[in-house]
Amino acid sequence: MKIEDALKLSSNTDLKSKTLINLHYTSRFFEERFASLLKEFDLSVPQFNVLRILRGQKGKPASLACIQERMVDKNSNTTRLVDKLILKNLVLRKVCPENRRKIEITITEQGMDLLKTLDPVTQKSNADHTSALSTEELELLNNLLDKLKSHE
């Protein structure tokens, strides 16, 4: 569906505005679908992001600052997200033995198992959502998005 039809944009909307509106709209479109997929696993998108970050640590603990730095949504409340994941037994938080002021967060075996279950589900979802684009188009889209971000 064209963005003009979805949002009833006026025909005099300039191309730059239309492009950014379309980017925001498309981002929300896919985020809502991904959130509904994760809902059946009792996870939010930011919680999933924290679990993936911790898995990427390959067994090494991460600080709250490290997690926050790598979050897709920089506005997420990392402390609250970690607290919720602790209640679900998906992550552990402990005081660093060498520096008692430092908090270390690691993913649990249960958290790893959940990600192993979610990997094929999210891969299929990603493949379905991008199936209208060829490999070359996907590479071009990624390059264009990177170019937009690097212009700032």
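S76 sits in the loop between α4 (64-70) and α5 (78-87), where helices (H or I, at least four residues) and strands (E, at least two) are DSSP runs numbered from the N terminus. The model is a predicted one, in which local features need pLDDT of at least 70 and side-chain atom pairs count only at pLDDT 80 or more, while totals for chains, interfaces and linings use all residues. Residues are numbered from 1 along each chain as its sequence is written, and side-chain values use heavy atoms, with hydrogens and water left out.

With a relative accessible area of 10%, S76 is buried (buried means under 20%, exposed over 50%, partly exposed in between, with a 1.4 Å probe and protein chains only). The side chain of S76 reaches the backbone oxygen of D73 at 3.0 Å. Beyond its neighbours within four places in sequence, S76 is in contact (heavy atoms within 4.5 Å) with P46, Q68, M71 and L81.

Turning to the fold, the protein has seven helices and two strands, arranged from the N terminus as α-α-α-α-α-β-β-α-α. The radius of gyration, taken over C-alpha atoms, is 19 Å, well over the 15 Å that the globule rule (2.2 Å times the number of residues to the power 0.38) gives for 152 residues, so the protein is more spread out than a compact globule. The C-alpha trace spans about 60 × 35 × 30 Å along its principal axes. Of the 152 residues, 23% count as buried.

A pocket is an open set of points on a 1 Å grid over the protein atoms alone, where a 1.4 Å probe fits, with protein on both sides within 12 Å along at least five of seven lines; lining residues have an atom within 4 Å of a point. Grid points are joined across faces, edges and corners, and a volume is the space filled by probe spheres set on the points.

The largest pocket holds about 1,700 Å³. Its lining comprises 36 residues, with T26, S27, F30, E31 and L145 nearest the centre. At least two lining residues come from each of α2 (15-39), α3 (45-56), α6 (109-129) and α7 (135-150). By class, this lining has 17 nonpolar, 12 polar and seven charged residues (Ala, Val, Leu, Ile, Met, Phe, Trp, Tyr, Cys and Pro are nonpolar, Asp, Glu, Lys and Arg charged, and the others, Gly among them, polar).

The second largest pocket has a volume of about 190 Å³. Residues lining the second largest pocket include M1, K2, Y25 and F29, and α2 gives the most, with five residues.

Key:
A polar contact is a pair of N or O atoms within 3.5 Å; within protein, one must be able to donate a hydrogen and the other to accept it, and residues adjacent in sequence count only if both atoms are side-chain atoms.
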